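Please report on the fold elements and the ligand surroundings of this model. Keep it brief.

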Amino acid sequence: MPETPPEPQDASERDVTSERDAAPDARTTVGVPAEPPTGDSTAHPAPTDLAGRKALLEVDNVTLRFGGVVALDQVNFNLYEGEILGLIGPNGAGKTTCFNAMTGVYAPTSGEIRFQGKKLSGRARYKITQLGIARTFQNIRLFPEMTALENVMVGADAHHKTSVPSALLRLPRYWQEERSGRERSHELLDFVGIRRHGEAARNLSYGEQRRLEIARALATSPALLCLDEPAAGFNPAEKDSLLQLIRDIRGTGVTVLLIEHDMRLVMGVTDRIVVLEFGKKIAEGSPAEVRDNPKVIAAYLGVPADAA
Ligand SMILES: Nc1ncnc2c1ncn2[C@@H]1O[C@H](COP(=O)(O)OP(=O)(O)OP(=O)(O)O)[C@@H](O)[C@H]1O
């Protein structure tokens, strides 16, 4: 599928120094959600679902066109706090485009996406990271020559408040943030199951590199973690331990959005699933509901829904 140019996508991959003074307080515990927005005139009250949970992210009638291609066509769904939501669909259905719209890579042609009631389009990607959305990519994007620890520390930097002068002058605040970022990065590497913290990223196994990406995304202290095909290339044992890791991440209070082609993993770990086909939402519900939905079966088998 077409990919955006491999430019830095989030706070873990670029310099956020100039924004640090405007950043929210550093969050130093795994999974502590981002603070709710305050005093923003663009904020909408978040809808709640039947169980009374608040919508963390609202995809509201979003259409996104690339020239003549309608990648997303009036797509609506909510992501509720604390859930694991699967976003599935055949190749080219619009899943990655949807992720890219949520993380500020693309602006919707029409409709809007709100996170904690705040409209996302028009915000720079690093601002979206600071709001509390982190993501991983289909293709691994690490700093190969840097150690595992350093890769994660880059993510931890996203919420540092040290100004450029205090970093240059090595003022106490700089050292304090450096120390807490380092400690938190060690914790996160342990959390995702990487032992060799001092190893260059390029020397880690493929599975470890994928987990390192997750650790780096978690280092930005997200309220929402978006995982784009995290099990790609995994063997069954690696998939099982990834499934457990995703559950553990949710257990820390982080909401998870998962794009994944492996149906066993999707069915085994998600609370709800949204299904896209040709840019349209064709189904939404529990894994069991989605699995038995004739439109979904037809989309995957490539036959008309009424024939499924
Ligand atoms: N940057 C782009 N420019 C033009 N068309 C694009 C671009 N990105 C995606 N598309 C098109 O938008 C549609 C949706 O693509 P998208 O990559 O979002 O699908 P996907 O569901 O993630 O697919 P896959 O499972 O293969 O990754 C496809 O027709 C694709 O060709």
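Which residue in E2 is the bridge partner of Ala-55? Tyr-80 is that partner. The model is a predicted one.

**Sheet**

Strand E1 (residues 55–66) and E2 run antiparallel, joined by eight bridges. They belong to an open sheet of four strands, ordered E2-E1-E4-E5 with antiparallel pairing. E2 and strand E5 (118–119) are the edge strands, and each pairs on one side only.

**Ligand shell**

The shell around the ligand holds 13 residues; Phe-66, Ala-71, Asn-91, Thr-96 and Thr-97 come nearest. Strand E2 (69–80) supplies at least two shell residues, and so does helix H1 (95–102). H1 gives the largest share, three residues. By class, the shell has six nonpolar, six polar and one charged residues.

**Helix pair**

Two packed helices are described by the angle between their axes and the distance between the axes. For helix H3 (residues 148–156) and helix H6 (residues 206–218), the axes come within 7 Å and cross at roughly 35°. This crossing of H3 and H6 is right-handed. The table lists the residues that meet.

| Helix | Residues in the contact |
|---|---|
| H3 | Ala-148, Asn-151, Val-152, Val-154, Gly-155 |
| H6 | Leu-212, Ala-215, Arg-216, Ala-217 |

The contact of H3 with H6 comprises six nonpolar, two polar and one charged residues.

Notes:
Residues numbered from 1 in each chain as written. Predicted model: local features only at pLDDT ≥ 70, side-chain atom pairs only at ≥ 80, totals over all residues. Near = placed C-beta within 6 Å. Nonpolar A, V, L, I, M, F, W, Y, C, P; charged D, E, K, R; others polar. Axes fitted to C-alpha atoms, helices over the stretch in contact; angles between N-to-C directions. Left-handed = near helix turned anticlockwise from the far one by under 90°. Contact = placed C-beta atoms within 7 Å. Pairing = 2+ DSSP bridges.
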